[in-house]
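Morning, everyone. I have one structure to walk you through today. Please look at the screen.

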Amino acid sequence: MILCINPNCNKPENRSENRFCANCGSELLLAGRYQVITKNQSDNSDCEYEVKEVGNETIKYLQTLISNNSQEVEYFHKTAEVLKQLNHPGLPKVEIDGCFVYFPRDKTVPLHCLIMEKFDGLSLDKYLSSKSLLNELSKQQENYSIDEKLAVNWLQQVIEILQQIHNHNLLHLQIQPANILLKQNGNLALIGFAKPRINKKIPFIAAYIPPEQINNNTVPQSDFFALGRTFAFLLTGKSPISHLELYEPSLENDMPNHNQNQDNWHNYASKISSTITNLLDKMMSDAPINRPQNAQEILQILAGLNPIATPLNVSQITQNPSIPVTQKSNFAWYFLFNWIIAIASGGTIGGFVGFVAGFIAEFLLGAAFKNTTIGFIFGGAIFGLITGIGIGLMQSLLLRQNGFKLRWWFLVTILGFTIEGIVGVLTGNYGTQNGLFFIPGLAVGMCQWWVLQRHVQPAFWWILASVGGGGVGVVINKAVNYYLGNAYSIFGIILSLFGFAVVTGFVLQLLLMRSHLSTSDKA
């Protein structure tokens, strides 16, 4: 028997030889190769299935999403793209064509589909339940819990997995014992990806979801909160779903017959070192700023407790061989594309407004002071200032959206372009008209270098990139004016912005990859 995944189909069961659903007429062979055999879980917005690949009978997971919310759809497809790139033993593999959109016969709503590798193993909640059942059968009163040595080993494995997806600006956001799998070889795997929507009606929310996630304001530290709750449960056998008061003592204060001797999860982890309990407490802090700021911080603490267990060798975490790419797996071409758009749009809008404002200032101040040089200086400064606001704003927004918090970037960009504007008008089109040559991009590059050099070594490449990008922009602009005439000067300016953006964007991406700078780094 195979199943139809049309959410509006009330009789999804079909015979294996059917190509189309006997009830609704929707296609049963997904992406031309998969048949759905089991429905594992269902929600209003998504479903989980098991599918088999026709021909080799390989069983895989199918995750679907029904949503018109652009953020949810973007997260779903971003998850697919990251999993396609990574080839980590603790992450489900996704083939290059493993993400697609399926349209049921009634075409009422499209289904976003993601086919993932299926691991054989036991989820940690089932693992603990089975051990607790054995305790009960052997007449032991306490719930089963793992020891500290195993907890350190497991926690290190999961943190290493999280480090990989966080480095690709992807958050899991659904970490709980049911989504961590103990594979048959004894290692852990992280599952439960591509579920952007939270069902606030189930107890899981209060148990494993941090406060900021409920308010749709997620950060990498949101995953650390859920992981901290998960391992506190594994070490005590006390699930936060049924014993939330142990993890949020304020709840116990509101309970009748409250005892002044406050009960918390520490009381059930007496054999666990203070290093681990303090680490988990920090991971479960209400405020993200009080949690570990990145995965490496947690790994360093764990390394002191388990020096034998070391992080996976970098060579073990490779690009998925099924993805035919030539660049390094961490290079994000979408970032370069967005960087080009940011500079082109910010420079075009800011430059146009700056040109008009600068021209007016040049005329008024020149007349007021009866000195054309003063008018030129102020006009150039205002032109550079507004252009810098446009480009700096777009660059800063893009950097923050991709997890790079470079404090002062916006302000130093404005300063650099203001200097460029002043020197540019004083030298006359960067000096090419009066023999005095000022290198374009130098001032902006040096100002932004002041921010980058605290994160990137060697940062001087950024100055060279800015100068090179500025030079490319000038050459493009002059080539357009020479071959097409001054009537196309605006077109030349826009193209020059693209040239500047390509050079600087490529170098910046390489520098950020080298620094491993993330949202947790403080500028």
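First, a caution. This is a predicted model. The chain averages a pLDDT of 79. Of the residues, 79% score at least 70. Two stretches need care. Over residues 430–437 the pLDDT falls below 50, though this stretch has 17 contacts in the model beyond near neighbours in sequence. Residues 516–523 also have a pLDDT below 50, and there the count is 20 contacts beyond near neighbours in sequence.

Three strands make an open sheet, in the order 9-10-11, with antiparallel pairing. Which strands sit at the edges? They are strand 9, residues 121–123, and strand 11, residues 188–190. Each of these pairs on one side only. On average, neighbouring strands in this sheet are turned by 30 degrees against each other, direction ignored. Look at strand 9 and strand 10, which is residues 180–183. They pair over 3 bridges, in the antiparallel sense. Find glycine 121, and opposite it, in strand 10, stands lysine 183.

Helix 3 lies across strand 10 and strand 11. Its angle to strand 11 is about 35 degrees. Helix 3 covers residues 148–167, and asparagine 167 belongs to it. Is asparagine 167 buried, exposed or partly exposed? Its relative accessibility is 43%, so it counts as partly exposed. Asparagine 167 and proline 220 are 53 residues apart along the chain, yet their C-alpha atoms are separated by 10.0 Å.

Next, helix 15, residues 460–484. Let's check its length. It has 25 residues, and at 1.5 Å a residue it should span 36 Å. The end C-alpha atoms are 36 Å apart, so the two agree. Its buried residues include Trp462, Ile463, Ser466, Gly469, Gly470 and Gly473. Why might such spacing be worth a look? An α-helix has 3.6 residues a turn, so residues three or four places apart point the same way. Just after helix 15, glycine 485 takes a positive phi of about 100 degrees.

Last, the cysteines. How many disulfides does the structure hold? The count is 0. For cysteine 24, the nearest cysteine sulfur is that of cysteine 4, 3.6 Å away. Cysteine 24 has a relative accessible area of 22%, so it is partly exposed. For cysteine 99, the nearest cysteine sulfur belongs to cysteine 113, 8.1 Å away. Cysteine 99 is buried, at 16% relative accessible area.

How values were computed: Residues numbered from 1 in each chain as written. Predicted model: local features only at pLDDT ≥ 70, side-chain atom pairs only at ≥ 80, totals over all residues. Heavy atoms only, no water. Helix = DSSP H or I, 4+ residues; strand = E, 2+ residues; numbered from the N terminus. Expected span 1.5 Å × (residues − 1). Buried < 20%, exposed > 50% of the residue type's maximum accessible area, 1.4 Å probe, protein only. Disulfide = S-S within 2.5 Å. pLDDT = per-residue confidence, 0-100. Contact = heavy atoms within 4.5 Å. Pairing = 2+ DSSP bridges. Axes fitted to C-alpha atoms, helices over the stretch in contact; angles between N-to-C directions.
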